[in-house]
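Morning, everyone. Please have the structure open.

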Amino acid sequence: MITGAHAIVYSADADADRAFLRELLGTRTVDAGRGWLIMALPPAEVAVHPTDGPPAHELYLMCDDVDATVAELRGKGVELARPVTDEGFGRVGYLDVPGIGELGLYEPRHPVPR
């Protein structure tokens, strides 16, 4: 039985990005050994979209109010890599993460399964 999902983000500066995500998420962490931090995530969902190009994966952190979330994150020194845009199905912005690059931030307008 599937009990959850495990996402891996490869980083050019793993220590900085672990600290960034630990602060950003504010959730429990565990050390899996040798300093490999694993952070708990809020409830998650997965979607499968068709593509005409090569298969790909994307990771977005979800929020209920993207404007309030961006304001809170800016107060912590987090910058946006790209501004929030209205995509119809929701509002999407991208956080600038030191060793990762862009990390999606998503306020869905569709029903969510949680």
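Asp67, Arg91 and Glu107 are linked in a network of salt bridges. By salt bridge I mean a side-chain nitrogen of Lys or Arg within 4 Å of a carboxyl oxygen of Asp or Glu. The count by this rule is 6. Side chains of opposite charge can pair when their charged atoms come close.

Some ground rules. This is a predicted model, where local features need pLDDT of at least 70, side-chain atom pairs count only at pLDDT 80 or more, and totals for chains, interfaces and linings use all residues. Residues are numbered from 1 along each chain as its sequence is written, and side-chain values use heavy atoms, with hydrogens and water left out.

Now the individual bridges. Glu102 and Arg82 pair at 2.7 Å, N to O. That pair links distant parts of the chain: Glu102 sits in strand β6 (residues 101-108) and Arg82 in strand β4 (residues 80-86), 20 residues apart. Helices (H or I, at least four residues) and strands (E, at least two) are DSSP runs, numbered from the N terminus. Glu102 is partly exposed at 42% relative accessibility. Arg82 is partly exposed too, at 39%. The cut-offs: buried is under 20% relative accessible area, exposed is over 50%, partly exposed is in between, with a 1.4 Å probe and protein chains only.

Next, Arg109 and Asp86, at 2.8 Å, N to O. Arg109 lies in the segment after β6 and Asp86 in strand β4, so this bridge ties together parts 23 residues apart in sequence. Arg109 has 45% relative accessibility; Asp86 has 48%.

Then Glu72 and Lys76, at 3.9 Å, N to O. Lys76 is partly exposed, at 40%.

On to helix α2, residues 66-75. Which residues of α2 are buried? Val66, Val70 and Leu73. Seen down the helix axis, they fall within an arc of 65°, so they line one face of α2. That arc is taken from the directions from the helix axis to the C-beta atoms. On the other side, Glu72 and Gly75 are exposed. The cover over the buried residues includes α1 (14-25), β4, β5 (90-97) and β6.

Thr69 is also in α2. Leaving out residues up to four places away in sequence, Thr69 touches Cys63 and Leu105. Contact means heavy atoms within 4.5 Å.

Last, what follows the helix? Just after α2, Gly77 takes a positive phi of about 90°.
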